[in-house]
Every structure is written in structure tokens, then in C-alpha cells.
Amino acid sequence: MRISVLAVMTIAAGMAWAQGTFVDKTAALGLQLANAKACCADFNNDGWTDLLVGGTVWINNQGKGFTKLCDGLGDCVAADYDNDGWVDLFSYSNMQIYHNDHGKGFTPIKMPELPKTISRGACWGDFDGDGFVDLYIGGYEDWDAGITYPNLILMNDKGKGFKLAWQEVNHRSRGVTACDFNQDGALDVYVSNYRLQANVLWLGDGKGHFKDVAPEFNAVGTSPGFDGGHSIGAAWGDFDNDGLFDLFVGNFAHVDDRGDQPKSRFLHNLGAAKGYHFDDLGTCGVFYQESYASPAAGDYDNDGMLDLFFTTVYRNASFGHDNFPVLYHNDGGFKFSDATVAAGVGGLDPTYQAAFADFNCDGRLDLVSGGKLFVGQGPKRHWLEVRLNGDGRLVNWSAIGAQVRIKLADKTLTRQVEAGTGEGNQNDLVLHFGLGDNAGPVSLEITWPGGRKQTLEAVAVDRQIAIRFTP
């Protein structure tokens, strides 16, 4: 196999940047955002990341503003299901797949007959290795009616349609996110379950079959005395730069006469020598708030360490305690500190909305949360962004499941293309690497879905590159 470098966008990095701050540019960019789930992707193939919030698609006008394209699509995750080069949508709130009509709008396709399901999150991924993305859909509940709705897997019939391949009704699921955490070439799925139910880590075999290994791999995300927590969403990320994907599990947790319920926690991937099992490190500085909700990971200050943004459900939680979304800075060694006020995102309203993308292509991550778009303002450090595409035959066009590693002198930076994180949100498909003070060229190791590896040497930094898989 070979890699073809399709295009390079070189962006000046000489501005005087404020240290790690965000500025609310929602109104200035012409956006009117609902306080709903966010999905970031380039829907019209112009090289600029667009935004879908609350069912409304906003087209990015080269970082200078946004124009509304269409609405009524519901909460969505995005990937190119038919490998035609245009990113499509699945609305888990409407239980409907929408075909992208060459950036002009979206048309609903015929769906298979499905059992009634209320879903709060889903993810795309090529689960059977045929080069087309499939869907895992989380099923939640109707609490008043005492109904638990089924989780579903829809398998892609070579882009012609979808078939219901599997369902189960054992879990009250919320967030769904996928990652080949054990590097065997098969995509795995982590499902966050509510009502003190154990979370599920579905180990994929690459042929469309899964086995729950959460207890065996120490990935349930709970604490002693509990089978599970009130998990709402989780985020994969290499939080210690050892080249392995770790997992942050976000838990809503009561601390009252119902007990000291499981807090949010970091699960450290122990690698091949330990069978890719996880070490539960606990909170790692994520201080207690009762109503934590949806997490998102991204290096907002370009220091090379993945940081964490974490939303909350309530403004006033139990016993009159105020809860606010928090931006946690990664200080290294699985130590995280509160950077919310210093970064300019203090006092946000309760929200499930949390997603990172570089909307203005300046090498700094922007943040969508609380019905606002916060534009990143710094700091002045080096970076690289990587846009991947498959060939549409061996590798799905959106390259969902691909991993990229950059090996520096003392660490390995690792990112993946994912279509679903937290509870029903989606970070940009473009991979963002903060490189700190590393100004020299870097080498990329790309692991494509299915496990094929390629290396790209001497890549200049402070720019965005696009790479297509070519067999």
C-alpha cells in the first residue's frame, strides 16, 4: 500500500496569542445555536469544518462566518456511509439516516424495520471490515413507563442500505464511542450505561461480532460496592502520550443517603504486556460535582497533552450546590487542574453539548458548548492537523477508526478518527496535534482500519495536510 498526500494547507503561525483562552464568537459569526448536541464535519467538501447543532446545519464560510443550510435533522453523528466522498448523517433522535446531496442538503433514505428505540447517542464504525461504516445505536429508557429500549447494530449493505443485525435490551445506554484500543485491527465500542448499571466494552472481532469484556479488562467505570455508575458519556484519548488509547468515563453521581456513588474516572491502557487491560486511576483531579454529563477531549493549548472539557446537567444540584461545565488542563502524569475561568469558559449553562474543532483553520482548537462557539486564542505553540480519507473500498471514505501517531523525543502523540464521543456529540474528523515547542518536521505513523500501517516522513508542521489511503 502507499499513501497519497492530496493537499496541503499552510497557515501562518506568527500571531500574538493569548495564553490558552477562548472568546465567544457565536453572534459575530452569524450563528444561532441551540443548546443541543454538536456534530463537526465538512459537509460541502470545501476544506472548512461545518457544524450541526440541534438538527440545524451551519456551513462555514472560510472561517469568517456561518450560513444556515437546513434544519429539522435532529441530533446526529456524521460519516460517509456510501463512500461517494460526501459526509452523511445519522440522526439517533429521529432514527433516520440522511444522504448528503453533494453539499446542497440532506435526503432521508429508506430505513430497515426497527424496534421502537429512544436513543441519546450513537457512533459510526466499520465493524465487519468491508470498507463501509456501520452503526451502533444506544437505547435508553422511558423511566415513567418502566421501559428499557434496545441497543441496535445496523450493518451497511455496501452503501445500498442497512440491515438490523443485532439488538439487546439489557442496558439503559447513553453515550456510545468506538476505538480499536487493543490495536488488533478491529474496532471496539464503549457504551455508557445509566441507573448504576455496568458500562459495556464490546470487543470487536472485525467480522461484525462483539463480546463484552468490561469486567475482564477493568473497564466497567465504577467504584467498590457498585455494579456501575450513572454514566452519561465517555471519551477515548491518549492522555499520557504513551501511544495507547486510554478512556475517560463520565459519571453523574449522587452523594447522599443513596451512598457515595461512583465518580468520573480515568482508565489507563496498560498495553500489550498486560493484554491491553485498564488500570482504574480514579478522578485524577476531576473534582466532584453531582451532575457531570458529557466529556470531550482535545489539546486546547497546543502543549501536546490532551485536555478535557466536561459538561453538567444542572445549574443547581442537590443541597443547593451550583454545578458548572469545567475545562480541565492536562498537567501530565494523569494530573488534571481546573482551567475554566482562566480559559474564558467559566459560568456556562448546563448542557450536553461538547465538541472540539478548528473552524477557522488557524491551528487552535475551538469549542462548541452551551449553545456557543468559543474560538481558541492561543497559546503560540506549534501544531499539525491531519485530514484522512479512505479509498472507499478497503477503507471507508471518512477513515473512521484510523489512528495517527507522532513520535517525539520523549512521547508519542496519538489521535483517532471517531464518529461519536461523549453523549451523542462528535469532534471534527480532522485530527489535531499540539506540538508544543517542536518546530521541526515530524514523522506520522498511520494505522488504517483493518490494521494496515503506513509511515510519512519529514512532515513540516504548523499546517494542515490531507492524506488519502491508496492500495
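Predicted model: local features only at pLDDT ≥ 70, side-chain atom pairs only at ≥ 80, totals over all residues.
Asp 338, in β30, is the bridge partner of Tyr 328. Now extend the selection to the two strands around this bridge: β29 covers residues 326-330, and its antiparallel pairing with β30 runs over 3 bridges.

The four strands make an open, antiparallel sheet, ordered β27-β28-β29-β30. Which strands stand at the edges of this sheet? They are β27 (292-298) and β30 (336-338); each has a single partner strand, so one side of each is left without a neighbour in the sheet. From one strand to the next, the twist averages 25 degrees.

**The whole protein**

Zoom out and colour by secondary structure. There are 40 strands and 0 helices in the protein. Its radius of gyration is 20 Å, close to the 23 Å that the globule rule gives for 471 residues, so the protein is as compact as a globular protein of that length. Along the principal axes, the C-alpha atoms fill a box of roughly 55 × 50 × 50 Å.

Switch to a surface display. The protein exposes about 16,400 Å², and carbon and sulfur atoms supply 50% of that area. Of the 471 residues, 65% count as buried. Contacts can also be sorted by how far apart the partners are in sequence: among those between residues at least 6 apart, 56% join residues at least 24 apart.

Next, select β7, β8, β9 and β10. They form an open sheet in that order, with antiparallel pairing. At its edges are β7 and β10 (106-108), each of which pairs on one side only. The twist here averages 30 degrees from one strand to the next.

Inside this sheet, pick β8 (residues 88-91) and β9 (residues 96-100), which are joined in the antiparallel sense by 3 bridges.

Keep Phe 90 selected and show what surrounds it. Beyond its neighbours within four places in sequence, Phe 90 is in contact with residues including Asp 75, Cys 76, Val 77, Met 111, Trp 124 and Leu 135.

In soluble globular proteins, nonpolar side chains tend to be buried together. Where does this show up here? Select Phe 43, Phe 90, Trp 124, Leu 388 and Leu 444: these have the most contacts inside the largest nonpolar core, which has 58 residues. The strand that gives the most to this core is β7 (residues 76-79), with 4 residues. Another core, of 18 residues, lies apart from it; among its members are Phe 181, Leu 201, Val 220 and Leu 247.

Go back to β7 and select Ala 78, which is found in this strand. Is Ala 78 buried or exposed? Ala 78 is buried, with a relative accessible area of 0%. Leaving aside its neighbours within four places in sequence, its contacts include Cys 39, Ala 41, Phe 43, Leu 89, Trp 124, Ala 419 and Gln 426. Draw a distance from Ala 78 to Trp 124: they are 46 residues apart in sequence, and their C-alpha atoms are 7.5 Å apart in space.

**Strand β35 and its partners**

Move to β35 (residues 403-407). Because 4 of the 5 residues of β35 are buried, this strand is largely enclosed by the rest of the structure. One partner is β36 (residues 412-416), paired with β35 in the antiparallel sense over 5 bridges. The two strands form a hairpin with 4 residues between them. Within this pair, Lys 407 stands opposite Thr 412 in β36.

β35 is also joined to β38 by 4 bridges, and these two strands run antiparallel. To see this pairing, select Val 404, which stands opposite Ile 446 in β38.

**An exposed loop residue**

From β38 (442-447), follow the chain back towards β37 (431-436); Asp 437 is found in the loop between them. How accessible is this residue, and what is the value? Asp 437 is exposed, with a relative accessible area of 73%.

Notes. Residues numbered from 1 in each chain as written. Heavy atoms only, no water. Pairing = 2+ DSSP bridges. Axes fitted to C-alpha atoms, helices over the stretch in contact; angles between N-to-C directions. Core = buried A, V, L, I, M, F, W, Y, C linked by side-chain atoms within 4.5 Å. Buried < 20%, exposed > 50% of the residue type's maximum accessible area, 1.4 Å probe, protein only. Contact = heavy atoms within 4.5 Å. Rg over C-alpha atoms; globule rule 2.2 N^0.38 Å. Areas by Shrake-Rupley, 256 points an atom, 1.4 Å probe, with all protein chains shown as cover.
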